[in-house]
Structure formats: C-alpha cells, structure tokens
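Trainee: I would like to learn how to read a model of this kind. Could we go through it feature by feature?

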Amino acid sequence: MTSPKSALIVGAGPAGLFAAERLATAGWAVTVAERMPSVGRKFLMAGRGGLNLTHSEPAEPFLSRYGEAAGWLAPMLEAFPASALRAWAEGLSQPTFVGASGRVFPTAMKASPLLRAWLARLADLGVVIRTRTEWRGWSEAGEAILAGPEGEERRAPDATLLALGGASWPRLGSDGAWVEILSGADVAVSPLRPANCGFDAAWSALFADGFAGQPLKALALTHAGRTVRGEAMITRHGLEGGAVYALSAGLREAIAAEGPQTLTVDLRPDQTRAALTARIAAARPGLSISSLLKKTLKLSPAAAALVREGHGPGLARGDLAAAVKAVPVRLTAPRPIARAISTAGGIGRAALDEGLKLRARPGVWAAGEMLDWEAPTGGYLLQASFATGLWAAEDILRRG
C-alpha cells in the first residue's frame with residue numbers, strides 16, 4: 001500500500017490550520033509545528049471582544065479593503081469568499097450573524113468554542129499538532145529543521161507550508177523571526193511594519209496625565225483627503241482606536257516619507273459649523289470657553305481638553321465652532337510593531353508563483369500574514385488568512 005503524501009505546516013494560526021484541514025481531508029499525512037505551548041493564540045485574543053470573522057459587504061468594496069494587494073488576492077478571495085467562511089464555521093456547529101456594522105461574528109461571540117470544534121475536527125482527520133516546536137530553517141540538504149522538547153530533528157516532507165504570521169503581538173507567537181531565515185534563503189521580504197496601529201503625538205504632560213485612557217466618541221478623522229468616522233482613545237503616547245487604525249496605512253507611509261503628519265479631528269461630525277456657531281451665539285454672554293465647550297456644545301471633558309490641546313490656550317468665543325470641527329493633532333510616529341494589531345510587509349508577490357509557492361525554495365509554500373498585504377480591521381484580516389491558506393493547500397494538492 002502506498003504511503004500517503006506528507007505535509008509540514010509551520011504555524012498553527014488560521015492560515016496554517018485551514019491548510020492542514022484541507023490537506024488532511026484529501027488524505028495527506030499532516031504535521032503542524034507550533035513554537036508556542038498552545039495553538040491559535042492570536043486567534044483567541046482576537047475573539048476576546050467578539051470574534052469578527054469576516055464582513056458581509058459586497059465583493060467589490062470588500063476587495064478594495066486590501067489596497068494595492070487587491071488584484072493579487074482577488075482570485076483567492078473569490079475562491080473562498082465571506083459566505084464560504086461562514087458556511088465553514090456553521091459546519092463546526094458555530095452559527096454566525098451579521099452585526100449592525102456589517103461585520104460577521106459567531107453567535108457565541110467567542111473564538112474558543114470555534115477553535116475547540118476545529119481542533120476536534122483536525123484530530124479526527126489525523127492531523128498531528130506539535131507544540132513547543134520551533135522551525136529553524138533548512139539544512140544544507142534542504143530538510144526542515146525543527147527544535148522541540150526532545151531536541152532537534154530534520155524532516156523532508158513532500159510539501160512544507162509556512163504560516164508564521166507577521167510580527168505584531170509577538171508574545172502570542174508571531175515574532176517575525178522568519179524574516180532573517182527567508183532573506184538568507186534568497187526570498188525577497190519587504191520590511192515588516194505596523195498596521196492597524198496607534199500613533200505617537202507630542203501631548204503636553206498636563207494633557208497626557210489628565211486624559212490618557214479616555215475615549216473620544218462619534219468623531220471624524222481626516223488625513224490626506226480621506227475621512228473616517230468612528231471612535232478613538234487618548235493614550236499617554238498619542239491616539240489609538242478603530243478610526244485611527246483605518247487611516248494607519250496612509251499615515252504610516254506619509255510619516256516615513258515626509259515626517260510628522262497632521263490628523264484633523266472633527267468632534268461634531270453630525271453638526272455643521274454654522275449650527276455650532278448658532279448654538280454658541282445663543283448661549284449666555286460671559287460663559288467661559290470651558291463652559292461653552294462642555295455645556296453648550298456638549299463635549300466630553302476629554303474632547304474639550306483636546307480642543308485646547310490642539311489649538312492652544314488663546315481660543316476666543318468666535319473661534320470655537322471652527323476649532324471643534326478641525327482639531328489638529330500632530331502625529332510623529334506609528335506605535336511599535338509589537339503593539340500593532342497586524343503587520344504590513346512580508347514575502348513579496350514576486351517571490352511567489354501563482355500558487356503561493358516560493359520560487360527560491362522547492363516544495364515550500366507560504367500563506368497568511370507572512371505575505372505582503374494588509375487590510376483594516378473588520379474581518380478582512382481573518383478572511384484573507386483563511387483564503388490564502390486554502391489557496392496554498394489547493395496548489396499543493398494540484399502538484400501533489
């Protein structure tokens with residue numbers, strides 16, 4: 001009897017586990033190597049506030065979220081769209097629903113039930129998962145070098161899939177150490193950079209001490225002609241939050257190319273400047289600037305303080321409407337990659353063929369966040385990780 005084909009998957013995140021499932025379903029003997037003590041750590045962390053699996057918007061705007069990588073990822077996302085990811089979750093007895101924002105969540109609103117059901121399926125398929133096992137590259141003979149609790153070993157599977165993630169949240173397993181290994185193996189890797197990240201701002205000590213940790217709700221942020229509605233959080237270092245993350249790619253690249261950038265904050269996006277001016281004019285004469293901001297314009301203490309921080313102490317009553325609609329915040333640098341939600345950069349498109357196989361290494365594929373693409377939060381990150389994992393697995397089977 002012929003032995004089954006063998007595959008080594010390096011990395012037990014969504015891309016790696018999904019590829020393992022597909023290959024094992026096709027009868028391959030699959031081993032997953034994960035250097036952390038348990039699998040899916042970043043997946044579980046992403047589910048703490050309700051696992052945002054994907055998004056329900058139509059295909060065209062969905063694809064546009066991937067920016068410059070949209071054309072490259074298009075066939076992969078068409079082959080495994082959001083509807084397929086929802087069907088897969090429901091096949092694990094984890095039904096999903098569409099939230100008010102269009103984001104898709106498991107009904108359980110947690111990652112752990114889905115991961116447990118998934119791991120049970122993988123076990124039934126015979127997938128072997130080896131935790132505390134680190135991949136250290138290849139031997140001169142081209143064998144994969146693995147280091148685990150019982151020491152170092154070398155393996156020569158029929159196919160190897162690398163799904164090691166980026167470099168954000170390194171304590172959960174994705175530390176970017178693979179960059180040096182692949183660069184040394186003649187694989188072109190774009191520098192890893194923070195994505196969906198916060199930014200440093202040169203706050204005054206008084207503002208930072210008084211308002212770090214305070215939210216800014218229902219605002220609009222504008223940079224380079226692009227405006228995003230949402231929320232943000234004041235931190236001791238600068239600004240975080242969903243609206244900031246949505247602009248992070250453009251801000252990051254602009255700061256790298258031009259230096260510090262000005263982010264314009266509209267604290268009352270649902271009201272025109274004229275309407276705010278009328279409210280101020282109708283207020284009792286003699287009210288302080290602080291009272292006008294907090295009581296007349298109904299700004300939170302943190303938002304009122306941000307107006308002062310951005311425009312300085314010399315604000316006059318006649319300036320307030322314009323000031324509230326356009327608070328300048330000078331951003332000096334993205335926060336470190338270890339603090340980012342995801343990673344930009346990675347293995348470039350030119351280093352891969354159409355099946356996500358490395359051109360420089362025979363029998364080796366790559367998938368997930370290792371690849372050079374980025375996307376905003378909202379389910380797009382997980383969707384592309386699943387889709388690229390499946391795409392690579394299907395290519396392995398075609399060439400099998």
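Trainee: Is Glu369 buried or exposed?

Mentor: Buried means under 20% relative accessible area, exposed over 50%, and partly exposed in between, with a 1.4 Å probe and protein chains only. Glu369 has a relative accessible area of 13%, so Glu369 is buried. Before going on: this is a predicted model in which local features need pLDDT of at least 70 and side-chain atom pairs count only at pLDDT 80 or more, while totals for chains, interfaces and linings use all residues. Residues are numbered from 1 along each chain as its sequence is written, and side-chain values use heavy atoms, with hydrogens and water left out.

Trainee: Where is Glu369 found, and with which side chain does the side chain of Glu369 make a polar contact?

Mentor: Helices (H or I, at least four residues) and strands (E, at least two) are DSSP runs numbered from the N terminus. Glu369 is found in the loop between β19 and α15. A polar contact is a pair of N or O atoms within 3.5 Å; within protein, one must be able to donate a hydrogen and the other to accept it, and residues adjacent in sequence count only if both atoms are side-chain atoms. Here the side chain of Glu369 pairs with that of Lys42 at 3.2 Å. Contact in general means heavy atoms within 4.5 Å; beyond four places in sequence, the contacts of Glu369 include Gly165, Ser342 and Ser385.

Trainee: In what order do the five strands of the open sheet run?

Mentor: Two strands pair if DSSP finds at least two bridges between them. The order is β6-β2-β1-β10-β19, with parallel pairing. β6 (128–130) and β19 (364–366) each have a single partner strand, so one side of each is left without a neighbour in the sheet. Direction ignored, neighbouring strands of this sheet are turned by 20° against each other on average. As one example, β1 (residues 6–10) and β2 (residues 29–33) pair over five bridges, and Ile9 stands opposite Val32 in β2.

Trainee: How do α1 and α15 cross?

Mentor: Axes are lines fitted to C-alpha atoms, for helices over the stretch in contact, and angles run from 0 to 180 degrees between N-to-C directions. The axes of α1 (residues 14–25) and α15 come within 8 Å and cross at roughly 35°. The contact involves, among others, Phe18 and Arg22 of α1 and Ser385 and Phe386 of α15.

Trainee: Which residues touch the most other members of the largest nonpolar core?

Mentor: A nonpolar core is a set of buried Ala, Val, Leu, Ile, Met, Phe, Trp, Tyr and Cys residues joined through side-chain atoms within 4.5 Å. In the largest, of 76 residues, they are Val30, Tyr66, Leu182 and Ile347. Helix α15 (residues 380–399) gives the largest share, ten residues. A second, separate core has 44 residues, including Ala201 and Val228. Beyond four places in sequence, Ile347 has contacts that include Trp72, Trp178 and Leu182.

Trainee: What follows α13?

Mentor: Gly312, with a positive phi near 90°. Within α13 (residues 301–311), the buried residues include Ala302 and Leu306.

Trainee: How many helices and strands are there in the protein?

Mentor: There are 15 helices and 19 strands. The C-alpha trace spans about 95 × 40 × 35 Å along its principal axes, and 51% of the 400 residues count as buried.
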